[in-house]
Every structure is written in C-alpha cells, then in structure tokens.
Amino acid sequence: MTYFVAPGSIVRRIWGTADTVLFIFAGAAAEFALNKAVDWLYFTGRLPADPLGRLFSTVDYARRIVFADRAGAERAIDAMAAIHAAVEAKRGRPIPAGAYRDVLFLLIAYSIGAFEVLERPLTGPEREEIVAVFCRVGQRMGIPGLPTGYADWQAARAQHLAAHLVPSPYTADLYRQYRRHLGPLRYPLLRAVQGLVVPPAVRALLHLGRGAAVRPALAVYRHTRQLAVSQWAKSTLLPAAYRARIHALDGAPAADAALPQPTTARCPVGPHRAPTR
C-alpha cells in the first residue's frame, strides 16, 4: 500500500501524539489571530462561535492526511479544498493564495516547534520531511509559490511573519473567545504554552511571556508523562467535553472516521458580524 506519509516518518510521530498536537494548535491559535486574512474564518462564524470545535475539525483533516493511504489522503485534501471553494463562492471572491500559504507555513513551524519543546531537537532530514509533507498538501490544493525545501521555507516564513501579521479587532475578539471557552484557569495556561512555541514577533504582538510559569512543570512532565499521576494531571487541565477526543489523538485515527462533507451547506446564509474595537 502506498501512503501519503511514510509509516516511519517523523510527521506521523508528531501528529500521533496528543501533547504535541495540542502544542501545535496553541501556537497556531496565537499566530492565526494576528493574520491579515483571519476575516475569512469570521465570515462563516465557526471560529469565534466554537474555537475548540474548529481546532478539532482542522486536526481531523490533518491527521487523516498524515495517516491515510495516498488515495485517502488525497480525498481528504480535495474535500478540504472544496469546503474552502464553497466559502469563496458564498463570499464572492477568492481566499488570497498567501493566506493558504500562511496556514501551511504555520503548520510546518509549529510541528517543528512543538516537537522540539516537548521532545528533542529535530535533525536536518526530519525538518526537510516536515516541509515536504505539507508542501505536498499545498501542491494538491493548487497553492502557488511553495518552498522547495527547509531553507527556502525559512526564508519565505520570515517574509510572511514580517508582512502578514497585524493586531486587529479580530485578534482581540478571538482571544476573548479563547478565554470564554477555556475558562479562567485554562486560559492563562494556553497563553503560557503559546509563549513557549511562538516566534519572538508573535510573542511581542500578543504580549505573551516566554512561558516561564510552565517550564518547570513541563520539565517534570517530560520525564513522568507515562505515569498515571501525570496523565491524571493532564486530564484535569483539559475541558471535560473534549477529554476523550484529546486522548484519542495518541495514535492513528480510526480508519472509518467520517470527515465533514464538502457541501455549501457548511457555509452560513450570511457573514458573521466583524468585531468592533
């Protein structure tokens, strides 16, 4: 059987570990809140209404691509592209190609960053493999201007960070939603984890610290994560409604798990009202 991502790939290890996936999306949630194209997700209303549900929807697609055979992965990519096309049709103009690249680039960045915070430094070939996998996704979606390797991605990533990030009313509104959905105890933990994994430019724009409050606990957790007490501690920090889904991120997804269907029914009848200052 031919796989989209080889069974022994570092990408499978990263995306088959719940802790790493959560750190990836902590970083992505921070950076995407600053993206100039974040208004596209406000058009559907799904992101501000249910940021955790949106996270799991994205995780479902990413993990299906990583663990499926080539045909299954390509079907998942095509379904994802069709959903975006439906939103574009509803709004009457295309999502900028740069916005698609931004999302691919931040998935590459936080796949690398989250793993290195939680595990160890990646090797050069492992970094190249991460870039190659996500660029294959981008190629299937028809995204232009993709990097040819890790060094090329680094240069493009630096340009994107400089040109595509700006605080806006959407930024403030998203963080209000994060706080509302996570609660007063988990929300500071989210910001602390974000401070660990985001680049300095993102940290400065969002006034994040460097995650000093969680570094000692993280050091202990690295060495005790397999113990029952550490698993219990992690569970208490997770929203109860999502604990089972988060624990299911350890390992490959079920082969028969359904993905959302690419129909215009997923688009709302009208746009979500933009936040005001």
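These legends describe close-up views of a predicted model.

The model is predicted: local features need pLDDT of at least 70, side-chain atom pairs count only at pLDDT 80 or more, and totals for chains, interfaces and linings use all residues. Residues are numbered from 1 along each chain as its sequence is written, and side-chain values use heavy atoms, with hydrogens and water left out.

View 1. Helices (H or I, at least four residues) and strands (E, at least two) are DSSP runs, numbered from the N terminus. Of the 277 residues, 53% count as buried. Buried means under 20% relative accessible area, exposed over 50%, and partly exposed in between (1.4 Å probe, protein chains only). Contact means heavy atoms within 4.5 Å. Among contacts between residues at least 6 apart in sequence, 75% join residues at least 24 apart.

**View 2. T17 sits in the loop between α1 (10-15) and α2 (18-32).** Its relative accessibility is 18%, so T17 counts as buried. A polar atom of the T17 side chain lies 2.8 Å from the backbone oxygen of R13. A polar contact is a pair of N or O atoms within 3.5 Å; within protein, one must be able to donate a hydrogen and the other to accept it, and residues adjacent in sequence count only if both atoms are side-chain atoms. Leaving out residues up to four places away in sequence, T17 touches L249 and D250.

**View 3. Helix α6 (residues 70-91) packs against helix α8 (residues 124-141).** The angle is about 55°, with the axes 9 Å apart. Axes are lines fitted to C-alpha atoms, for helices over the stretch in contact, and angles run from 0 to 180 degrees between N-to-C directions. The two helices are therefore oblique to each other. Angles under 35 degrees count as roughly parallel, over 145 as roughly antiparallel, 65 to 115 as roughly perpendicular and the rest as oblique. The crossing of α6 and α8 is right-handed. A crossing is left-handed if the near helix is turned anticlockwise from the far one by less than a right angle, and right-handed if clockwise. From α6, E74, I77, D78, M80, A81 and H84 meet V137, R140 and M141 of α8. By class, this contact has five nonpolar, one polar and three charged residues. Ala, Val, Leu, Ile, Met, Phe, Trp, Tyr, Cys and Pro count as nonpolar, Asp, Glu, Lys and Arg as charged, and the others, Gly among them, as polar.

**View 4. Helix α7 (residues 97-118) crosses helix α9 (residues 150-164) at roughly 115°.** Their axes come within 10 Å. This crossing of α7 and α9 is left-handed. The α7 side includes F105, L106 and I108, and the α9 side includes W153, R157 and H160. By class, the contact has nine nonpolar, three polar and three charged residues.

**View 5. L146 lies in the loop between α8 and α9.** L146 counts as buried because its relative accessibility is 16%. Beyond residues up to four places away in sequence, L146 touches R101, L104, C135, G138, Q139 and D152. The C-alpha atoms of L146 and A132, 14 residues apart along the chain, are separated by 10.0 Å.

**View 6. H207 is in the loop between α11 (200-205) and α12 (215-224).** H207 has a relative accessible area of 68%, so H207 is exposed. Its phi is near 55°, a positive value in a residue other than glycine. Most residues other than glycine have a negative phi.
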